[in-house]
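Thanks, everyone. Let me put the structure up, and then I'll walk through it.

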Amino acid sequence: MKRVEAVIKPFKLEDVKDALSEIGIDGMTVSEVKGYGRQKGHSELYRGAEYVVDFLPKIKMEMIVNDDMVDQVTSTIVEAARTGKIGDGKIFVSEVEKIIRIRTGETDNEAI
(Lines give C-alpha, C1' and ligand atoms only; values in the text may rest on other atoms or scores of the structure.)
Protein backbone atom coordinates (compact mmCIF):
# COMPACT_ATOMS: atom_id res chain seq x y z
CA MET A 1 0.00 0.00 0.00
CA LYS A 2 1.16 3.50 -0.78
CA ARG A 3 0.25 6.97 0.41
CA VAL A 4 -0.10 9.41 -2.48
CA GLU A 5 0.07 13.07 -1.46
CA ALA A 6 -0.53 15.74 -4.06
CA VAL A 7 -0.12 19.48 -3.53
CA ILE A 8 -2.06 21.33 -6.24
CA LYS A 9 -3.54 24.70 -7.08
CA PRO A 10 -6.89 25.24 -5.32
CA PHE A 11 -8.94 25.79 -8.48
CA LYS A 12 -7.85 22.36 -9.78
CA LEU A 13 -9.36 20.42 -6.85
CA GLU A 14 -12.68 19.52 -8.52
CA ASP A 15 -10.97 18.50 -11.78
CA VAL A 16 -8.56 16.20 -9.94
CA LYS A 17 -11.27 14.77 -7.67
CA ASP A 18 -13.52 13.99 -10.65
CA ALA A 19 -10.67 12.39 -12.61
CA LEU A 20 -9.70 10.20 -9.63
CA SER A 21 -13.32 9.20 -9.13
CA GLU A 22 -13.46 8.01 -12.74
CA ILE A 23 -10.60 5.55 -12.10
CA GLY A 24 -12.17 4.22 -8.90
CA ILE A 25 -10.57 6.34 -6.17
CA ASP A 26 -13.45 7.21 -3.86
CA GLY A 27 -11.72 8.18 -0.64
CA MET A 28 -9.27 10.94 0.12
CA THR A 29 -8.39 13.58 2.66
CA VAL A 30 -8.16 17.18 1.48
CA SER A 31 -6.51 20.03 3.42
CA GLU A 32 -6.03 23.71 2.69
CA VAL A 33 -2.33 24.44 3.07
CA LYS A 34 0.11 27.22 2.24
CA GLY A 35 3.56 26.95 0.78
CA TYR A 36 5.98 27.83 -1.97
CA GLY A 37 8.72 26.29 -4.06
CA ARG A 38 10.33 27.72 -7.15
CA GLN A 39 7.35 30.05 -7.43
CA LYS A 40 8.71 32.02 -4.44
CA GLY A 41 5.44 33.83 -3.74
CA HIS A 42 4.53 37.19 -5.22
CA SER A 43 4.15 40.89 -4.38
CA GLU A 44 0.81 42.57 -3.77
CA LEU A 45 -0.24 46.16 -3.31
CA TYR A 46 -2.55 46.97 -0.39
CA ARG A 47 -3.57 50.55 0.43
CA GLY A 48 -0.55 51.89 -1.36
CA ALA A 49 1.96 49.65 0.38
CA GLU A 50 3.64 46.77 -1.40
CA TYR A 51 4.17 43.56 0.52
CA VAL A 52 5.41 40.08 -0.33
CA VAL A 53 3.17 37.04 -0.02
CA ASP A 54 5.64 34.21 0.64
CA PHE A 55 3.19 31.39 1.24
CA LEU A 56 0.63 30.77 -1.48
CA PRO A 57 -2.64 28.90 -0.91
CA LYS A 58 -2.54 25.28 -2.07
CA ILE A 59 -4.59 22.13 -1.65
CA LYS A 60 -3.07 18.93 -0.26
CA MET A 61 -4.80 15.70 -1.24
CA GLU A 62 -3.91 12.45 0.49
CA MET A 63 -5.05 8.95 -0.43
CA ILE A 64 -3.99 5.39 0.27
CA VAL A 65 -3.93 3.10 -2.76
CA ASN A 66 -2.84 -0.44 -3.60
CA ASP A 67 0.63 -0.71 -5.11
CA ASP A 68 -0.75 -1.60 -8.54
CA MET A 69 -2.76 1.66 -8.70
CA VAL A 70 0.08 4.09 -7.96
CA ASP A 71 1.11 4.80 -11.57
CA GLN A 72 -2.49 5.26 -12.71
CA VAL A 73 -3.31 7.56 -9.78
CA THR A 74 -0.21 9.73 -10.21
CA SER A 75 -0.63 10.07 -13.98
CA THR A 76 -4.32 10.97 -13.50
CA ILE A 77 -3.40 13.69 -10.99
CA VAL A 78 -0.72 15.08 -13.31
CA GLU A 79 -3.12 15.22 -16.27
CA ALA A 80 -5.94 16.82 -14.28
CA ALA A 81 -3.85 19.32 -12.28
CA ARG A 82 -1.42 20.54 -14.96
CA THR A 83 -1.77 24.10 -16.21
CA GLY A 84 1.74 24.30 -17.64
CA LYS A 85 2.63 27.22 -15.40
CA ILE A 86 4.97 27.41 -12.44
CA GLY A 87 3.33 26.38 -9.18
CA ASP A 88 1.27 23.45 -10.53
CA GLY A 89 2.38 21.38 -7.54
CA LYS A 90 4.06 18.12 -6.58
CA ILE A 91 3.15 14.49 -5.89
CA PHE A 92 4.78 12.44 -3.14
CA VAL A 93 4.49 8.66 -2.88
CA SER A 94 5.47 6.81 0.29
CA GLU A 95 5.07 3.35 1.79
CA VAL A 96 2.28 2.62 4.28
CA GLU A 97 3.08 -0.07 6.83
CA LYS A 98 -0.33 -0.60 8.39
CA ILE A 99 -3.91 0.64 8.22
CA ILE A 100 -6.57 0.03 10.87
CA ARG A 101 -10.22 1.02 10.47
CA ILE A 102 -11.20 2.18 13.95
CA ARG A 103 -14.92 1.35 13.66
CA THR A 104 -14.51 -2.32 12.67
CA GLY A 105 -10.92 -3.18 13.49
CA GLU A 106 -10.27 -4.20 9.87
CA THR A 107 -6.66 -3.92 8.83
CA ASP A 108 -4.59 -3.22 5.73
CA ASN A 109 -6.34 -3.90 2.36
CA GLU A 110 -9.73 -4.49 4.01
CA ALA A 111 -9.44 -1.08 5.71
CA ILE A 112 -8.83 0.90 2.51
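**A lysine, a sheet and a core**

Start with Lys-12: its side chain comes to 3.4 Å from the backbone oxygen of Ala-80. This is a predicted model, where local features need pLDDT of at least 70, side-chain atom pairs count only at pLDDT 80 or more, and totals for chains, interfaces and linings use all residues. Residues are numbered from 1 along each chain as its sequence is written, and side-chain values use heavy atoms, with hydrogens and water left out.

Back to Lys-12. Lys-12 sits in the loop between β1 and α1; helices (H or I, at least four residues) and strands (E, at least two) are DSSP runs, numbered from the N terminus. Is Lys-12 buried or exposed? Buried, at a relative accessible area of 13%; buried means under 20%, exposed over 50%, partly exposed in between, with a 1.4 Å probe and protein chains only. Setting aside neighbours within four places in sequence, Lys-12 contacts (heavy atoms within 4.5 Å) Ala-80, Ala-81, Arg-82 and Thr-83.

Now the strands. β1, residues 2–8, pairs antiparallel with β5, residues 56–65, over seven bridges; pairing takes at least two DSSP bridges. Glu-5 has Glu-62 as its bridge partner in β5. Seven bridges also join β1 to β6, residues 89–95, again antiparallel. There, Ala-6 stands opposite Ile-91.

Last, the core. The largest nonpolar core has 18 residues; such a core is a set of buried Ala, Val, Leu, Ile, Met, Phe, Trp, Tyr and Cys residues joined through side-chain atoms within 4.5 Å. β1, α1 (13–22), β5 and α2 (70–81) each supply at least two of its residues. α2 gives the most, five.

Note on methods:
Polar contact = N/O pair within 3.5 Å; in protein donor to acceptor, adjacent residues only side chain to side chain.
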